[in-house]
Amino acid sequence: MRIAIIEDDEKMRHELSVFLQKYGYEVCTLENFEIVIEEALNKNPDLILLDINLPLFDGYYVCREIRKHSSVPIIILTSRNTEMDELMGMNLGADDFVSKPYNMQILLARIESVLKRTYKADFAQKLSHNGVSFDLSKGIVEFSGKYIELTKNEMKILHLLMKNSGKIISRDEIMNALWQSDEFIDDNTLTVNINRLRKKLEGIGVYDFLITKRGQGYMV
Amino acid sequence: MSFVEYLKEKALYFFIGILCAVFVVILLIFTGSNLYAVAYSFTLIFIGIAVCVSVDYLKRKDFYKNLLFCMRAMDKLYLLSEMVSPPGFYEGNVLCEALKLSNKAMNDQIAFYKNSMEEYREYIESWVHEIKTPIASGMLIVENNQGNAIKSIGEELEKIDAFVEQALFYSRSSSVEKDYIIKEQSLRGLVLSAVRRNSKALIQNKVFVEVEDFDFTVHTDSKWIDFILNQIISNSIKYKSENSKIKFSAQKSGTNISLFIEDNGIGISQKDVGRVFEKGFTGENGRKFKKSTGIGLYLCKKLCDKLGLSISISSEENKWTQVEIVFPKGGTHLLS
């Protein structure tokens, strides 16, 4: 998935693209604001992150112009966060509205949900690691011909870990990700979920897949 | 103004008039006038004075009566000059004129301050939006880098952001302009989004959240409510105790919907609980924690007042604190 970032603050643009790349998105940044609309259309992104305070044209104008030619999803990023601004953005055809400074988990969740909404068909993702393959749309894990079905929380946890395979994910990060979908689980519940997930994986012959890093978190 | 009061006021004129009449009478008696003529003259002068006084009194009576009535009965006294019209006698006219001029001068003065306040508010508002960009970049940098120092800077950045947000809403709360939009909102949605927004702080501080199963729609501005809920949640985190927990529940009572936010934190002492909405009040907990500014709840109250909601706090020290926000159902309160 390619995300175009239209943001005039250089540092912000850079950090945002580093951040999104870390989470597996392809990123293109637009820097020439005189031709920003043409460029945005030319690069043919799957999603546009659009700042409102831009030089030359403001974001609302850019949003309206892009909408004239394309239905690519647009998420407006702004430091103006009144209902009025939000309404205005939505009326101009933006798909979502995130206010600065963004909670990164919220931003990611919003991006994901907009992408999911727009590209339903392409989103039937499959993740695989060490022979274990995980079908996100069905919530099914497969290993050497055997299947298990996961609950919502287990799916979320496994998704996060497999997406970041090789990296240690802290317990707080996992909890935060679950909280973003309104599962306000506590420490104990997370432990229970992780153990259950492990048991289920062992049930289909997957051992030592989900590794505990004492004091740091988990990884696959 | 009663007649007696009027007479007291004009006593000197009256006295001189009578005195003159007496002198005339004495003069007439000494020059050997007919007693009838003397009595006639005295009566004539007396009647003359009495007529003058009565006419003058009647002219003033209505004007002063109206003025005094307005002064006592009016709610907004600065509109007094609108209620009196020039009565047709000199002092009254001058008084009216003076009232109107002074009123106008005061209005100009008020407009001047209103303008400068509005300008200041606009500046604060744009400043807040300016500062959000560097804060956002900072947070991104924190997110993209690792290390304890970076993490701790990130926590400080979040505090800065919370204070900036407070400044923004403070300036909004005292503005005369109405910069909120009241729409139908899902109460559950509002609560969930506030919890999500605070997820990091809640998880870090090991505060468990329970949102009871309720589903009501309320009429309010989502951004303002978000700010209010944020303040309440961050208070619960700040004043937490062991095994901390925040519970959200809602109830319909009559035509109102009440949202309850209850925590099991350190609570508020009985003598402080009534004063928590006062500006700058920090109380015992403030002295213990030093992080209190006495602004958060004051702002919540002020914003609630503006939105037409009522907010109240009850607590038992060392046990629990409960905040109740009442949303009047239906759109009737929007009219105010």
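Predicted model: local features only at pLDDT ≥ 70, side-chain atom pairs only at ≥ 80, totals over all residues.
Visitor: What makes A:K163 and A:E112 a salt bridge?

Guide: Their side chains meet with N and O 3.7 Å apart. The cut-off is within 4 Å, so the pair qualifies. In general, side chains of opposite charge can pair when their charged atoms come close.

Visitor: How many salt bridges are there between domain 1 of chain A and domain 2 of chain A?

Guide: The count is 1 salt bridge. As for where the domains lie, domain 1 covers 2-121 of chain A and domain 2 covers 126-219.

Visitor: How do you know which residues of the two domains are in contact, and how many are there on each side?

Guide: Heavy atoms have to be within 4.5 Å. By that rule, 5 residues of domain 1 of chain A touch 6 residues of domain 2 of chain A. The domain centres, taken over C-alpha atoms, are 31 Å apart.

Visitor: What area is buried between these two domains?

Guide: About 520 Å², with carbon and sulfur atoms giving 47% of it. On the domain 1 side of chain A, the residues that lose the most area to domain 2 are A:Y23, A:Q105 and A:E112, together 70% of what that side buries.

Visitor: Which helix gives the largest share of the domain 1 side that touches domain 2 in chain A?

Guide: Helix α5 of chain A, residues 104-118, which supplies 3 residues. The residues of that side divide into 2 nonpolar, 1 polar and 2 charged.

Visitor: How many salt bridges does the structure hold over all chains?

Guide: The total is 34. One of them joins A:E154 and A:K200, with the closest N and O atoms 2.8 Å apart. A:E154 lies in helix α6 of chain A and A:K200 in helix α8, so the pair ties together parts that are 46 residues apart in sequence.

Visitor: How far apart in helix α6 of chain B are B:E156 and B:K159?

Guide: They sit 3 residues apart, which is about one helical turn. Their salt bridge has its closest N and O atoms 3.2 Å apart. B:E156, at 40% relative accessibility, counts as partly exposed, and so does B:K159 at 42%.

Visitor: What makes B:D305 and B:K301 a salt bridge?

Guide: Their closest N and O atoms are 3.7 Å apart, and the cut-off is within 4 Å, so the pair qualifies. They are 4 residues apart in helix α12 of chain B, again about one helical turn. B:D305 is partly exposed at 46%, and B:K301 is partly exposed at 28%. Elsewhere in chain B, salt bridges that share partners join B:E118, B:R121, B:E125 and B:R172 into one network.

Note on methods. Residues numbered from 1 in each chain as written. Chains lettered and ligands numbered in written order. Heavy atoms only, no water. Domains from an automatic or database assignment. Buried area = accessible area lost by both parts, 1.4 Å probe. Helix = DSSP H or I, 4+ residues; strand = E, 2+ residues; numbered from the N terminus. Nonpolar A, V, L, I, M, F, W, Y, C, P; charged D, E, K, R; others polar. Buried < 20%, exposed > 50% of the residue type's maximum accessible area, 1.4 Å probe, protein only.
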